[in-house]
Amino acid sequence: MDKIRVAVIGAGVVGLSTAVCVAESIPHCSVTVIAETFSPDTTSDKAAGILSPHFSPETPVNRQRRWFEDTFAHIFSIAQSAEAPDVGVQFLSGWEIFKEPPKERIPFWSDIVLAFRIMNDSELKRFPQVTFGWMYTTLLCECTSYLPWLEKRLKNAGGQFQAGKITDFWELDGKYDIIVNCSGIGAGALTGDTKIYPIRGQVQKVHAPWLKHFVRLGDGTSYIYPGISSVTLGGTRQENDWRLSVDPPDSKAIFEACCAYEPSLKLSRRLVELVGLRPARAVLRLEKEKLQCDGNQMYLVHNYGHSGAGVSFHWGTAKEAAQLVKEWATEIRCQPIYTKSKL
């Protein structure tokens, strides 16, 4: 029997992880990733890569917890392996601080990360204008190394890659049996989804090897994330802002804000500045859809709208998307007539 042909649109961390999960969990599928850009030019490559699930409250907490738990377990297993540095994965401890205590003093993910606890008064004195905070150990996953590793893993599973921009799902009619839409911010134009919008994020990479702990302001407007070869300073959260060029006033504001929490950054050396558009949506879209046109059917799985939680949720949502692909594949294979020419 012919294999089910699956196309995954998008080669960021969500698209590649979804493609890997499909290829490895559904043996009778062939998987092709179609994308306009690949690493190191994706939005994911610009992310700091911290596993910290700050997301929209409209998405049910039980789903967020499952996605984060699955992702943390996946990255944890890499962190425990000899290849962790090459994959861009490391453990990272630090402080998340608040000017005013949050509504929920114990977040739903507190028992998933390691060594979570509320900061004591002496620790809080280290940071100006702060009244509350958490300390915990999480994981950092640098996508500039992780995405090439996912690409290699997909190739080993028989996956293929194709460069190109898809502007209409029906362009793929007859070529693939199931389309998985992981197009990120491009999903708005591709699907007509008016609920997705960009949140512009600008960051700086600096050389400051003496920093070993992260610092994150609770609302995500300022953060310091030490990585394997550089430290990421952020950031901006500018809604409906499509600018992809570096903004000098933002650069100045980011650096000054981070120096307020970590004065030693004044001795750091700036390496590069990056801008990316987070694909924001009140509720992450992860569902099946069937399109019909002129008697033809198209089987879709949507997996987009992760906002700034793409790295935090990627493996969990990929596993769920792969399950939805498996459901479509079962339906297709159960059809009275299943041949390539008819699909």
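**Salt bridges and nonpolar cores**

Modeller: Glutamate 123 is buried, at a relative accessible area of 17%, where buried means under 20% relative accessible area, exposed over 50% and partly exposed in between (1.4 Å probe, protein chains only). This is a predicted model, in which local features need pLDDT of at least 70 and side-chain atom pairs count only at pLDDT 80 or more, while totals for chains, interfaces and linings use all residues. Residues are numbered from 1 along each chain as its sequence is written, and side-chain values use heavy atoms, with hydrogens and water left out.

Colleague: Which side chain meets glutamate 123 in a salt bridge?

Modeller: A salt bridge is a side-chain nitrogen of Lys or Arg within 4 Å of a carboxyl oxygen of Asp or Glu. Here the partner of glutamate 123 is arginine 117, at 2.6 Å from N to O, and arginine 117 counts as partly exposed because its relative accessibility is 35%.

Colleague: Which residue forms a salt bridge with glutamate 320?

Modeller: Glutamate 320 pairs with arginine 63, their closest N and O atoms being 2.7 Å apart. The pair links distant parts of the chain, with glutamate 320 in helix α8 and arginine 63 in helix α2 (residues 61-79), 257 residues apart; helices are DSSP runs (H or I, at least four residues), numbered from the N terminus. Both residues, glutamate 320 and arginine 63, are buried.

Colleague: How many residues has the largest nonpolar core?

Modeller: A nonpolar core is a set of buried Ala, Val, Leu, Ile, Met, Phe, Trp, Tyr and Cys residues joined through side-chain atoms within 4.5 Å. The largest has 71 residues, and helix α8 (residues 310-333) gives the most to this core, with 11 residues.

Notes:
Helix = DSSP H or I, 4+ residues; strand = E, 2+ residues; numbered from the N terminus.
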